[in-house]
Amino acid sequence: MTPDQGLPTGLRFRACLDDVAAYKPGRPPAASDGRPSYKLSSNENPYPPLPGVLAAATDAAQHMNRYPDMGAVDLLEALSERFKVPGEDIAVATGSVALLYHLLQAAVTHGDEVVYAWRSFEAYPIAVQLTGATSVQVPLTEDARHDFKAMEAAITDRTKVVLVCTPNNPTGPVVHRDELLAFVEAVPSNVLIVLDEAYREFVRDPEVIDGVEVYRDHPNVVVLRTFSKAYGLAGFRIGYAIGHPPVVNAIRKCALPFGVSFIAQAAALASLRAEDELLARVEELVTERTRVVETLRAAGWRVPDTQTNFVWLHLGEETLEFTAAVQAEGVSIRPFPGDGVRVSIGEREANDLFLKVACAWKKA
C-alpha cells in the first residue's frame with residue numbers, strides 16, 4: 001500500500017485524532033563543519049550522570065530479563081520519607097507527562113472541559129484532545145504569567161480538571177503563594193487541580209509555596225514531579241505524582257503495567273541518595289541562568305522572570321528566522337512559530353554561542 005492510498009477500507013480510528021497534532025520534541029543540533037554543537041532545545045541537564053547513579057543503573061541492567069517491580073516499592077518508600085507523605089499517596093510513571101495522561105484518562109471524557117493557561121506545556125492540548133474533552137485555554141498575562149482571575153472565570157459546570165504549570169513551560173515564571181492558595185480555594189472542590197512542578201528544584205523565588213504543602217490540605221490537588229530535569233534522568237523516563245488516595249488509585253488503574261523499568265527505578269533511588277551533589281549542580285545552573293538573563297536584558301531583550309532551567313524570548317513572526325540564526329552557530333533551540341523561542345540553560349560554551357546571536361540580533 002502506497003502512502004497516498006490511505007487506510008484499508010473499513011478501518012476506523014477515533015474522530016478526536018483528526019485534530020491531534022503530534023508532540024514535537026526539541027531538535028538535535030545540525031551537524032557542523034567540525035565545530036562543536038550543542039542542544040539547548042529540550043531543557044535537559046547538561047551534566048553527565050554522577051558515578052554512583054551510573055553504577056546503580058548499570059547494575060540494574062543485569063536484570064533486564066526480568067520484569068521490574070510494578071509497584072516500585074523501594075522508590076515509593078524513599079519518596080515517602082523524602083516528602084513525609086504516605087506511600088499510598090504516591091504514584092510513579094514514565095515521566096510526569098505520563099502521569100498527566102493517566103490523570104486525564106481517568107478524569108475526563110467527551111463533553112468535559114480542562115482549563116489551563118496558554119501558552120504552556122505543549123503536551124497539554126494533545127493529552128486533552130486524546131480523551132475527547134475540550135481544552136479551555138486562558139491567555140497568559142503580558143509578563144507571561146498565569147491570569148488566575150481569568151482562569152477562575154473560565155471554570156464552568158463542565159470543568160473537570162485545571163492544570164497549573166509552575167514554573168510555566170515555556171515562558172518561565174512561577175506562581176506565587178498567595179495567588180495559588182486563593183485560586184485553589186476558589187476552584188470547586190469537585191474539580192481536580194494538577195500542579196505541574198517539573199522544574200521545582202530550580203525555583204529560588206521566596207514567594208513560592210511548595211505544591212506538596214498545598215496537597216496536604218486539599219483532597220482535589222495533585223502534584224506532578226519528575227527526575228528528568230534537575231536529576232538528569234531524562235533518558236530513563238521516570239516521574240511521580242503526590243496526591244490523595246482516590247487520585248493516586250485512579251492514576252494506577254490507567255498506568256501501563258511494568259511501565260517504569262528496573263534501571264529507571266534504580267537510577268532514581270541512587271539520585272535521591274546523591275541529592276546533595278545533584279542539587280549543587282542545579283545551583284550552578286541557576287547561577288548560569290542569572291548570567292544569561294542579565295546579558296539578554298542588558299542587550300535590550302525583554303525576558304520574563306524565569307525560575308526554570310530555560311529562558312523565553314518573544315519573537316513573533318521572527319521566531320523561525322532567529323532559530324535558524326542560532327542553529328547556524330551549532331546550537332539547537334526550541335521554536336514556537338509565530339510566538340517565540342525557549343532556550344535551555346546548558347554548557348557555558350553553548351550559552352555563549354546563543355548569547356552571541358541574541359545580542360547581535362538586538363543590535364541589528
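Which residues of α10 are buried? In this predicted model, the buried positions of α10 are Glu275, Leu278, Arg281, Val282, Leu285, Val286, Glu288, Arg289, Arg291, Val292, Val293 and Leu296. In general, an α-helix has 3.6 residues a turn, so residues three or four places apart point the same way. The buried residues of α10 pack against α2 (73-83), α9 (262-273), β9 and α12 (348-363). The helix itself has 24 residues and spans 34 Å from its first C-alpha to its last, close to the 34 Å expected at 1.5 Å a residue. Just after α10, Gly300 adopts a positive phi of about 110°.

The largest nonpolar core comprises 82 residues, of which Leu75, Phe227, Leu296, Phe322 and Phe354 touch the most other members. Helix α10 (residues 275-298) gives the most to this core, contributing seven residues, and at least three residues are drawn from each of domain 1 (27-48 + 275-363) and domain 2 (51-273). When neighbours within four places in sequence are set aside, Leu296 is in contact with Trp301, Val303, Val311, Leu313, Phe354, Leu355 and Ala358. A second, separate core consists of 27 residues, including Ala98, Leu104, Val128 and Val248.

Aromatic pairs number 13 in the model. In one of them, the ring centres of Trp301 and Phe322 are 5.7 Å apart and the planes meet at 70°, so the pair is classed as edge-to-face. An aromatic cluster is formed by Phe83, Phe227, Tyr231 and Tyr240.

Charged side chains are also placed over aromatic rings. Arg334 lies over the face of Phe336, at 4.6 Å from the ring centre, and the charged end of Arg342 sits over the ring of Phe310, 5.8 Å from its centre.

Most residues other than glycine have a negative phi, and most peptide bonds are trans. In the loop between β5 (159-165) and α6 (177-186), which contains Pro167, the peptide bond from Thr166 to Pro167 is cis, with omega near -5°. Pro170 is found in the loop between β5 and α6 as well, and the peptide bond that joins Asn169 to Pro170 is cis, with omega near 25°.

Positive phi values occur in residues other than glycine, among them Ala144, with phi near 65°, and Arg237, with phi of about 55°. Ala144 is located in the loop between β4 (134-139) and α5 (148-154), while Arg237 is located in the loop between β7 (221-226) and β8 (239-242). With buried defined as under 20% relative accessible area, Ala144 counts as buried because its relative accessibility is 9%. Arg237, at 34% relative accessibility, counts as partly exposed.

Note on methods
Residues numbered from 1 in each chain as written. Predicted model: local features only at pLDDT ≥ 70, side-chain atom pairs only at ≥ 80, totals over all residues. Heavy atoms only, no water. Core = buried A, V, L, I, M, F, W, Y, C linked by side-chain atoms within 4.5 Å. Buried < 20%, exposed > 50% of the residue type's maximum accessible area, 1.4 Å probe, protein only. Helix = DSSP H or I, 4+ residues; strand = E, 2+ residues; numbered from the N terminus. Domains from an automatic or database assignment. Contact = heavy atoms within 4.5 Å. Phe/Tyr/Trp six-rings, centres within 6.5 Å; stacked < 30°, edge-to-face > 60°. Lys NZ or Arg CZ within 6 Å of the ring centre and 35° of its normal. Expected span 1.5 Å × (residues − 1).
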